[in-house]
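Q: Please take a close look at one part of the model shown here and describe it in a connected account.

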Amino acid sequence: MTETSNKPVQGPVLDSLPTYEKAWATPPGWRKLSSVSHRVVGQRFIVTGLIFFLIAGMLAILVRTQLIVPENTFLDAETYNQVFTMHGTLMMFLFAIPILEGFGVYLLPLMLGARDLIFPRLGAFGYWCYLFGGLIVLASFLFDAAPDGGWFMYTPLSTKEYTPGLSADFWLIGITFAEIASVTAAVEIIAAILCTRAPGMSLAKMPIFGWYMLVTAFMIAVGFPPLIIGSILLEIERVLGLPFFDPAMGGDPLLWQHLFWLFGHPEVYIIFLPAAGMVATMLPTFVGKPLFGYGFAVAAVVTMGFISFGLWAHHMFSTGLPTVTLSLFSAASTVVTIPTGVQIFCFILTMAQARPRLTVPMLFILGFLFIFVLGGLTGVMLASVPFNWQAHDSYFVVAHLHYVLIGGMVFPLIGAFYYWTPHFTGRMMSERLGKWAFWLMFIGFHVTFFLMHITGLRGMPRRIATYPEGIGWDRLNMLSSIGSYILAAGVLIFVWDFIAHRWRGPLAPRDPWKAGTLEWLYAPIAPGHNFHAIPRVHSREPLWDQPELLENEAHEIEGMLRDAPHGRRETVGCHPVSGEPLQIVRLPHPTWVPMITAFFVAVSAVALLASFYYVAAAALGATLIGFAVWAWEKSETGQTVDTGPEGILPVDIASRLGHTYIAVIGTLLIMVALFASILFGVLYLWNVQPDFTRRAGDPDLLWIVLAVVAGAALTAMAYLARRNGYVLYDIVIAVLAGGACWALYQALRPVTPDQTALAATLWVMAGFVAVQLFVLGYWSVFNVLRKVFGLAGKGQRIPEVNRAPYALVTFLMLVAAAVMLGAPQLGVFA
Amino acid sequence: MSPARIIRIALTSVLTAAVLGVVTLWALAAPAFDPVGAALAWSKQRGEALVGWYASDPVAATPQWQSMHMRVAGGDPARGRQLINEYGCGACHVVPGVPGARGTVGPSLTSLADRAYIAGVLTNAPGDLTRWLINPPYFSQDTAMPDLGVTEADAKDMVAYLYTLGGFE
Amino acid sequence: MSEQSTLGQFDSQTSLIPAGTGAEGTLVLTITMSVAATLIFLAVMAAVWLAWRRERPGHIWWLWAGGFILPVIALVALMVGSTFTLASIARVDRDALVIEVTGHQYWWDVVYDPDGRALRDANEIIVPVDTPVTFRLKSEDVIHSFWVPSISGKIDMIPGRVNELTVEASRKGRFRGQCAEFCGLSHPLMAFEVVVLEKDEFDSFTAGLSDEARDADTLQLKQGRDVFLNEGCTACHAIRGVAEGARVGPDLTRVGARAALGAGMWRMNVGNLAGWIADVQDMKPGANMPSYNHLSGPDLRAVAHYLSSLK
């Protein structure tokens, strides 16, 4: 073999269609940073996540080294607190979720039969937010202001009084910023899964990974908002001194815990589900048979998604909740074992169908089954209240959570790396090194964490930098530390393999694992457009059941959109349920706008940290302009494209089945969850200390009514505007939105927010509604400009169609806020 | 399965189980039960004796007067280390080998054996150091070091340990 | 009570050798659940092993058996056991002896009979054996968690709230407890000791708690008391009969009688006391007490001897 032929090749280069190849080409050199392709963005997520994983793993080694002997002086208490805080923070927020979303971003279009994710610029924007947010959090080390309040940031320890300085602000601002990436990716994944599947791929024929990611995305959309709201409240308390969590002013430190665990518990499932989806995808490949009980698995995943929101209080069993509440949450917590059990037995029964091939990914799957089942069982033990009182915040919980997270997520993830890396690089990773990595990780893991169960039951609490000699923890800790070094060695072997296989690994053949899902259609590396023509799909494992797909060269396969004479990026938009083609979705070309916009958000966050409030406001303004530039495009609704076998389809339809409409619904889900979190705060504080309800003054009832009236009128206008896109509607809507904001402000003026926690929360609630109204106003003004400049003409009414539900939801929020504002003085709920 | 394979699997399992069992027992046992430490100490002692026997050259050997005069008659360094922990010396002094002894109130006792004077008033000899530990204010009125009620036997043991810190041994 | 502290005492802080009814009930549950979990784990792994060797599809009933029936049986059993245990240990006893414990960064304020005589002590809790005791738990600053593994599970101490925990110690002894909720820089150095005594010993202990502190009867102790009074210690610490009222720091009336210093972290003796006073911030970073490193040597010794004499 010659030097040149030993390099992996990207795609077939077809001289006959130069415009087509050019349209999908990734810009060369440094301009690759402007790429918005899901392949590039997904790999960025994965590599960045891996780097954060290594940093966080290094911090874990520091922790274990500190604890190897009693009363160690390797780290002082302050450094130790920073190290364990950052270990948890990086692992949870900057490694686990982003890297799994990265795999989703990379794999979903390939599996579903799309040429790109549906909102490529949003994905790129999310990545830059994640990167900049992560860098802000990491930069705290440079300023010697690393967060040291634990990854859970419990109040009042994290308030200004007990954590002066910037460390907590770095955490709150950086993490909230990075979370933007997670929620934007969630919207994008929801819309992509529902709207861009190959023709014929109904939801029932969707690869199982799609289901797992769909449920995960919905859970992110609902699960992250409580933490975002909690972080905003805490940051406001730190900067402006509003007393949300101060019991002397009618607040409650437990409000933070409720908001945090409303996020924190689903978070665990958000991390587990995509990894389980990877297992469900890889396992059938090595068995050579489809997943056993597909329908059961889907039902189990959906059930799990719902149940996971009802368990948060089991992290708070020792806070003194009433016994009845404890028992209810205890019972609810155990119920989650049923959908988990169903999934595990789906996997086991899949294996029973034929003798599996024992490859490296398969080893990691077996490791996953072993470790995760153990972790799940200790989880059930922790759901028992009396046991929880002993084990909570002890090393038993440390052991449990690492069994669940490393077993449930890291093992499948590394298996997934071995499985899909050929797709990224065109080369196979080493089977030999993979086995070494697995066994070192597996043995090291158990030595480290199994013993911690005993350490915990022997009374060692978590998060202690030193422990006294001789009370029974010395040897267990020493062994745990030694185990952690073995575990780290396994991880390093994997990382080395991941780097070195790029020049040492053998070239990957087409469909190297004999898998059944569409992403293996091309020989690695698949070309930038994923599918030269998008084939019709008749089964869940098209590569197994449709022999014509692998018999031919990948670029010769029959399908839709074979030709692209106009040089535009486009893919097929489908019906959300049936998967039948519905429209053609035009996709953006490489652009710098998402990166620049994210940069402005970063400037705003940094300026906020440095207390340059004018700079922060200016940067936020620049961000809004960035969004406008981003959306400043000529509407193409009404055009048609000849797709070949599926006939002529319209471009970008203005309908409730359109992808933008579904994305707006996804966004509204996030907004409603945000609002609900604030509402939860209001009701909670009202309930905890009712005597504080009216101490800060009463809102003005007349102005409340006026605000609601303006909101009602606005919503009516938004619905009327769907019929015909007169500019007048937009102007009236913008004015009404401004008016409603003004009325809300007037209504709240008699209420002093720094007097009581409830008053402060009511201001936040009104502020959130005002933001919603501002979005509507900004949207409408932007719409006017587009029409004035001729970018949107008659009949091109996507914005109008999408704005209507947004207005309706905003109006409902306004009504809810009005009730909360007016109720105390009317004595409605007294 | 061939017999060789069966034997190999059986041997591996037995070995693994044995290692796991020993490690678990060791991990769970009280600190007083220290077969590993005892075995290490024993082998170290035997090893040193062996090396010493080979290395000894009675003709060339000269007595180490300096280190010999630091020897404390009847002092037990291991018990001394324990006592240093219990009397709370570590609150003020850094004492290598004693967990948690990292105080910065008084001088570090690292390489104490190399010092010429104790607290600037007594020579650094076993007898003087013992007397100092029993009642520091008697020798230096303005010292901040309190008399801790140390008995003579305890003081001797602690001195024996403290003289292991330094360049001579 | 000047016996050995729990420092360095093997198994003084374990939930596996219980000394209270709460810990005993929980231990039975722990063992039962561990055995059940091991059996279920082995069963699932056996299923994996069988599935690995099998080469034709299993019946869908296996999914029902493993995914529904097995978990449901296990869960029902667990809930029944757990609820009965909970009911037996989470009881409320209105006649129980009440001891109020307030968490501070990083020490424990203890008040016996808070509704009556309000006898104050710190960092060491004396309870009678075989008698229900209700701890009334509060916090003065951040969230702490009150945990004595040998006696009972933990309950948080939350600012603005009062949590109660009723326990009954079942044997005499000295047990170590520790703050279990991360509370700041010196969270690892926030421990305490629980001493379980016979009922009559306990009564004489509480009777003694209203006495004034021991007199300074030698020249050095008098000097130490004067240092204590003149150096501003009384702004935070109270010693009954000498300087009363301050509640910012632990009550020192019987500090010399406690087995440990600095919230259960060091043995109580003159050496540790002197080092503590001279350099608190080194021994316990972030504590609210400043390092008194400006005292003259004799003054430091005197005050250390004085405090150590308060028994």
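Q: What share of the contacts in chain B with a separation of 6 or more is accounted for by residues 24 or more positions apart, and how many residues of chain A are in contact with how many of chain B?

A: In chain B, residues 24 or more positions apart account for 48% of the contacts with a separation of 6 or more, a contact being heavy atoms within 4.5 Å. This is a predicted model, in which local features need pLDDT of at least 70, side-chain atom pairs count only at pLDDT 80 or more, and totals for chains, interfaces and linings use all residues. Residues are numbered from 1 along each chain as its sequence is written, chains are lettered from A and ligands numbered from 1 in the order in which they are written, and side-chain values use heavy atoms, with hydrogens and water left out.

Chain B has 7 helices and 2 strands, arranged along the sequence as α-α-α-α-β-β-α-α-α; helices (H or I, at least four residues) and strands (E, at least two) are DSSP runs, numbered from the N terminus. Of the 169 residues in chain B, 30% are buried, where buried means under 20% relative accessible area, exposed over 50%, and partly exposed in between (1.4 Å probe, protein chains only). The accessible surface of chain B is about 10500 Å², 65% of it on carbon and sulfur atoms, as given by the Shrake-Rupley method with a 1.4 Å probe; for residues, only the protein chains shown count as cover.

At the interface, 10 residues of chain A are in contact with 14 residues of chain B. The two chains bury about 1000 Å² between them, with 62% on carbon and sulfur atoms; buried area is the accessible area (1.4 Å probe) that two parts lose on being put together, summed over both. A:Glu469, A:Arg475 and A:Leu479 supply 54% of the area that chain A buries against chain B, more than any other three residues.

The rule finds 1 salt bridge across this interface, defined as a side-chain nitrogen of Lys or Arg within 4 Å of a carboxyl oxygen of Asp or Glu. A:Glu469 forms a salt bridge with B:Arg81, and the closest N and O atoms are 3.9 Å apart. Helix H15 (residues 474–504) of chain A gives the largest share of the side of chain A that touches chain B, 4 residues.
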